Amino acid sequence: MPNNITRETPLHYFHKLSSHASSAQSPEIFNGQVEFALVVKEAPLSSFLNLRGNGSDKGFCSAVAEVLGVTVPTEPGTYHSNKDSSIYWLGPDEWLLFSCIDASNLEAQLRKALSGHISIVDISGGQTLINLRGDPCALAILLKKSSVYDFAAWPDADINAGRCAQTTFAKATAVVTNKADGSYDLILRRSFADYIAKWLLDAGQEFGCRIEA
Amino acid sequence: MAGTYSLAACLAEGASAGAEAAKLAGCGDGRIRFPEPQVEEYPEQPAQALFLVPHTKATSRAPSQFVDMQLDVSASGIELAVREGFKSVEHIKRYTAMGFGTDQGKLGNINGMAILASALGQSIEQTGTTIFRPSYSPTTFGAIAGADVGALFDPERYTAVQRWHQEQGAAFEDVGQWKRPWYFPRGVESMQDAVSRECLAVRNSVGILDASTLGKIDIQGPDAAEFITRMYTNSYLKLAPGKCRYGVMLKEDGMIFDDGVCACIGDNHYLMFTTTGGAAGVLAWLELWQQTEWPDLKVYFTSVTDHWTTATITGPNARKVLAKVCADIDLANDAFQFMDWRDGTVAGVAARIFRISFTGELTYEINVPAHYGRHIWEALIAAGEEFDITPYGTETMHVLRAEKGFIIVGQDTDGSMTPADMNMDWVVGKNKTFSFIGKRSLQRSDSVRENRKQLVGLKTVDGTQVLPEGAQIVFDPEQKIPMSMQGHVTSSYFSSNLGHSIALAVVKGGHGLLGKTVYCPLADGRSIAAEIVSSVFYDPKGERQNAE
C-alpha cells in the first residue's frame, strides 16, 4: 500500500481533546499537569466482522475457534478473547468479531473453514473500539448517566472473557463490555462516534475526562 | 380555619393593634380610649367539611358536579361506580378515571374520596386513598431533559468526509439524524446561485456528491435472491454477479415505501441500497418478514451503512476523472456498462464502484471502507481539478433528479402511491412465480380506479415562477370556495439547465391530462398557471447515463 494513503479512525478529530478544553487541543492536558478521573482511548484501526451462523452446530463453533483461537461464546451477553481477537455474543446466531488480523484475510480463512448457511460481513470501516478507564466510582456514574443497562450487576470479568451487551448509549447504541482490569470497552458505530465522544466529554466533565489516540 | 372570625372579635383585635401602634409611636399608654363597638353576635359552630353541595335532585339528576377537573369525573360518576358494585378506592379510580390526570388527583381526589366514602356509608379513613404516582410532585423540565440539550439534543450523524465539507463552508441539511451538505456556496453566493452553478457543472463537466448516508444492507444466504424478489416488485432471480437493478418496495397495502438499487455481489450475496431516511425501517422490515413469515428462507441481513464511504462522481467527464485514479478496471463503455459494478483500486485503496445514476449523467459511485473516506474524496477532488470538479449537495441532487423525473420516496410519494400512480408500472414484475409484498393490493378496486392522483410534470406558463411545494392544484381558478382540489405539487425547483422552473405533481387522472393547463392558487390571492407535461424534463431517452 502506498504510504501517502491517510486513514482516519472515527474519533480521529477528537484525539487529545478533553472536558477541560473541548474546542482546542491543549498540550498541558496530556503532560500530567491536569488530573483526569476518566480516560477514553480509541483502539488503532482493527478488523470487525459480523458473523451469522448456527451456534448450536458444533462444527460451526469449532471451525470459528480453529481460525481465531477463541471459543465461540454461546452464553447470552458474553465474550471470549485472546491477545489478538475477541468474539462478542450479539444474538443466538450473531457474533461480532474484533481482531488485529487483516479483515479480508480473516474473512477468507473463515469462509474456507465454514460451510452451510452462514454470513460473514466486513464492517471494519463502520466501527471503532474505545476503552473507558479510570476511577471506578466515576466510571460507574458515567455509565449510569449514559445507559439504562445495569452494568454494575455484571460479575467481574475474567482475563479472557467477560460480559457484553449491545444496548442504548445516550441516544445511540454501543456494544459495552467489561474487562478484567475494571475498565470497559465500547464498540461504536462510526456515524455516531462524534456524538458519543461529545457525550462522554460532557458526561465526564465533573470528573475530568480526556480522549487519547 | 386560621385567625379571628367573628365581627366583634375582629373589631376588638383591630382596636388593640391600633392602640399598641400609637403607644410605640409615642402616643398614649396602649389602652383603648373609646368604648367597644357593639355588634350583633351570632352563634358559631366549628368549620365543617363540605365535599358535595346538596341539590334538591339526586346527584345523578342534578347538574353535573365535577370533582376531577382534569378528566371530567363528576360526583354522579363516583356514585354510579358504587352502584355498579365497586368498593375499593383503586377500582373506583379505574372505573371513573378519578386521579388519573397529570396532577394524580392533587386537585380533586380529597373531595372524590369523601364523596365515595359517603356513598359507601363509611368514613374517609376506611375508604383510603389511591396511590399517587409521578408527577404528583412536580418534576422540573431539566430533570427530564438531562444532558440531552444543545448539541447533544439528538445524535448528529456524520460521514467520514464531514470535516472536509465543513472546511469548504458547506451549508448543511438534516436528513434523518444525518448532516448532509445542502449546497456549497462560494463567497457571498446565494443558495440559488450556488445550486445553479452546481447543476450546470454536473451536466456540463463533472460533480461530486457524498452519498455515504444511503442505507446499505448486506444480504447473504442460499435464499437471498428469492427473499429479495419477494420484497421488491421486480425480480432478482436472474441478476448476475457484477450487475445492479433498481427496485421499489411496497407495504402490504400496495403503496410505495422505499426504493433503491440492489446489486448482486456473488453467489447468494447481494448488497441492497435504501433511502437515507428509510435505512433502519427497511432493515427492520426485512427482519420482520424473514423471522415471522418466511423463517424457512435461509438469508441473513447486516447493516453496512457505516462501513462504506460513497463518493459519487457524475457528469460527462466522470470517466476521465476516474481513469486518473483507477488503473485496474476497464472503464470502456461496453466493458463497464450502466447498471454494472466492479471491484478495483482507486487512489491505492480497494474500492467497489457502481455505475448507477440519480442524475441521469454518466455516473460512478465509488465505495471504500470509511477509514479511507477522506483520502478517496481528496484524491478525486485533485484528479477532477482539471475538469473543475464541483462538490454539490442535496439541493442540486434534488434538482437534477427532478429534471429526470426520478421520484424521491417520501417527497413525491406519501404512503398512498402505487407504482402505477408514479408511472412506474415498468418496475412491477408481471411474471414472478411467487407473489411479492403488496401485489394483491394493486388489484383492489381503489388501486385501479381511474381518478387516482398520478405523477406528472408541471411547466409554469411564466417560466420564472417557481411553484411552492405543497401548493394545491385546481382546474378552474375562478371556482367558488370550496374549490375542487385536483392534486398538489410534490417537488419544485428552478432548473438552470433548462432555463425555466420545473415541478413534479400528483394530479387526479394526471396521466391522461398532458397539455392541460392547471392553476395553483396561492395564499396571497394570486394563482400560477402551469401546463401538465411529462415528468421527464431532460434527456427523455436516457442516453446520457449510457454515454460512451
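# Two chains, face to face

Me: Let's start where the chains meet. How many residues of chain A are in contact with chain B?
Reply: This is a predicted model, so everything here is read from computed coordinates. Contact here means heavy atoms within 4.5 Å. On the chain B side, 36 residues take part, and they meet a set from chain A that numbers 39 residues.

Me: What area is buried between chain A and chain B?
Reply: The size of an interface is often given as the accessible area lost when the parts come together. Carbon and sulfur atoms give 56% of that area here. In chain A, H117(A), K171(A) and S191(A) lose the most, together 20% of what that side buries. The area buried between the two chains comes to about 3,300 Å².

Me: And which element gives the largest share of the side of chain A that touches chain B?
Reply: Three elements of chain A each supply at least two residues to that side: β2 (47-52), β6 (119-122) and α4 (190-203). The side as a whole divides into 14 nonpolar, 13 polar and 12 charged residues. The largest share is 8 residues, and the element behind it is α4(A).

Me: What residue of chain B forms a salt bridge with D194(A)?
Reply: Side chains of opposite charge can pair when their charged atoms come close. Between chain A and chain B there are 2 salt bridges, alongside 19 residue pairs in polar contact (both at pLDDT 80 or more). For D194(A), the closest N and O atoms are 2.8 Å apart, and the partner is R163(B).

Me: Now inside chain A. How far apart are the C-alpha centres of domain 1 and domain 2 of chain A?
Reply: The domain assignment makes domain 1 of chain A out of two stretches, 12-44 and 127-212, while domain 2 of chain A covers 47-125. Their contact takes 16 residues from domain 1 and 16 residues from domain 2. The C-alpha centres of these two domains lie at a distance of 25 Å.

Me: Over to chain B. Which strands stand at the edges of its open sheet of 6 strands?
Reply: The order in this sheet is β12-β13-β14-β11-β5-β15 (chain B), with mixed pairing. A strand at an edge has a single partner strand, so one side of it is left without a neighbour in the sheet. The edge strands are β12 (341-346) and β15 (390-391) of chain B.

Me: Which residue of β15(B) stands opposite G207(B)?
Reply: Strand β5 (residues 207-210) of chain B is joined to β15(B) by 2 bridges, and the two run parallel. G207(B) stands opposite one residue of β15(B), namely T390(B).

Me: How many residues apart are R157(B) and D306(B), which form a salt bridge?
Reply: Over all chains the count comes to 32 salt bridges. In this one, the closest N and O atoms are 3.2 Å apart. R157(B) sits in the loop between α6 (141-145) and α7 (162-167) of chain B, and D306(B) in the loop between β10 (300-303) and β11 (308-314) of chain B. The pair links distant parts of the chain, with a separation of 149 residues.

Technical notes:
Residues are numbered from 1 along each chain as its sequence is written. Chains are lettered from A and ligands numbered from 1 in the order in which they are written. This is a predicted model: local features need pLDDT of at least 70, side-chain atom pairs count only at pLDDT 80 or more; totals for chains, interfaces and linings use all residues. Side-chain values use heavy atoms; hydrogens and water are left out. Domain bounds come from an automatic or database domain assignment. Two strands pair if DSSP finds at least two bridges between them. Helices (H or I, at least four residues) and strands (E, at least two) are DSSP runs, numbered from the N terminus. Buried area is the accessible area (1.4 Å probe) that two parts lose on being put together, summed over both. A salt bridge is a side-chain nitrogen of Lys or Arg within 4 Å of a carboxyl oxygen of Asp or Glu. A polar contact is a pair of N or O atoms within 3.5 Å; within protein, one must be able to donate a hydrogen and the other to accept it, and residues adjacent in sequence count only if both atoms are side-chain atoms. Ala, Val, Leu, Ile, Met, Phe, Trp, Tyr, Cys and Pro count as nonpolar, Asp, Glu, Lys and Arg as charged, and the others, Gly among them, as polar.
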